[in-house]
Amino acid sequence: MKTLTLIGEVGEEIYAGLVSEMLEEAGGEDIYVKLSTPGGSISDGITIYNLFRQYDGHVIIENIGYSVSAGALIMQAANERVVARASLTMMHFGRLIAEDGSETTEDMVEDGPVKQFMNTANRTIFRIFSERTGLNGEVVLDLLAKEYFM
């Protein structure tokens, strides 16, 4: 079994191209992924999720520290998910973060392409967590809306 370590922000230190290269190198061998991230880019997060889901080998992902937001989404791609005893996982709906650090949720955006993007991303997030956790859709909706920490 090959071990991959992914530590950093999704879209920065952990990006889809890097994960794709790591999986190519693994060549279908079973992999154990050590993951710690404060989250980051939803587009990279969804792409990385799909890369792991499409990988030929067995995928185990362990949260070794702090896997929130896009990190929690990536964890859902694994055949097996492991959570270190001293770790934190958080799931929530997507939001936009401006250069000044301010955050915007879907309900704060006027109709248009940005709102359409956020709506589509949030539907994808909801679908992934619903399918992969096996929880009732209403429960998942509530957890995502609350920014649920596990």
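This is a predicted model: local features need pLDDT of at least 70, side-chain atom pairs count only at pLDDT 80 or more; totals for chains, interfaces and linings use all residues.
Residues are numbered from 1 along each chain as its sequence is written, and side-chain values use heavy atoms, with hydrogens and water left out.

**Exercise 1.** Describe how α1 and α2 pack, and list the residues that meet.

*Solution.* 
- Start with the geometry: two packed helices are described by the angle between their axes and the distance between the axes.
- α1 spans residues 16–26 and α2 residues 42–54; their angle is about 15° and their axes lie 9 Å apart. Axes here are lines fitted to C-alpha atoms over the stretch in contact, with angles from 0 to 180 degrees between N-to-C directions. Helices are DSSP runs of H or I with at least four residues, strands are E runs of at least two, and both are numbered from the N terminus.
- That angle makes α1 roughly parallel to α2 (under 35 degrees; over 145 is roughly antiparallel, 65 to 115 roughly perpendicular, the rest oblique).
- Now the contacts (heavy atoms within 4.5 Å): A16, V19, S20 and L23 of α1 meet D44, T47, I48, L51 and F52 of α2.
- Sorted by type, the residues of this contact are six nonpolar, two polar and one charged. Ala, Val, Leu, Ile, Met, Phe, Trp, Tyr, Cys and Pro count as nonpolar, Asp, Glu, Lys and Arg as charged, and the others, Gly among them, as polar.

**Exercise 2.** Find the salt bridge in the whole structure and say how exposed its partners are.

*Solution.* 
- The criterion is a side-chain nitrogen of Lys or Arg within 4 Å of a carboxyl oxygen of Asp or Glu.
- The search finds one salt bridge: K146 with D142, at 3.1 Å from N to O.
- Both residues lie in helix α5 (residues 137–146), four residues apart, about one turn of the helix.
- K146 is exposed at 56% relative accessible area, while D142 is partly exposed at 37%. Buried means under 20%, exposed over 50%, and partly exposed in between (1.4 Å probe, protein chains only).
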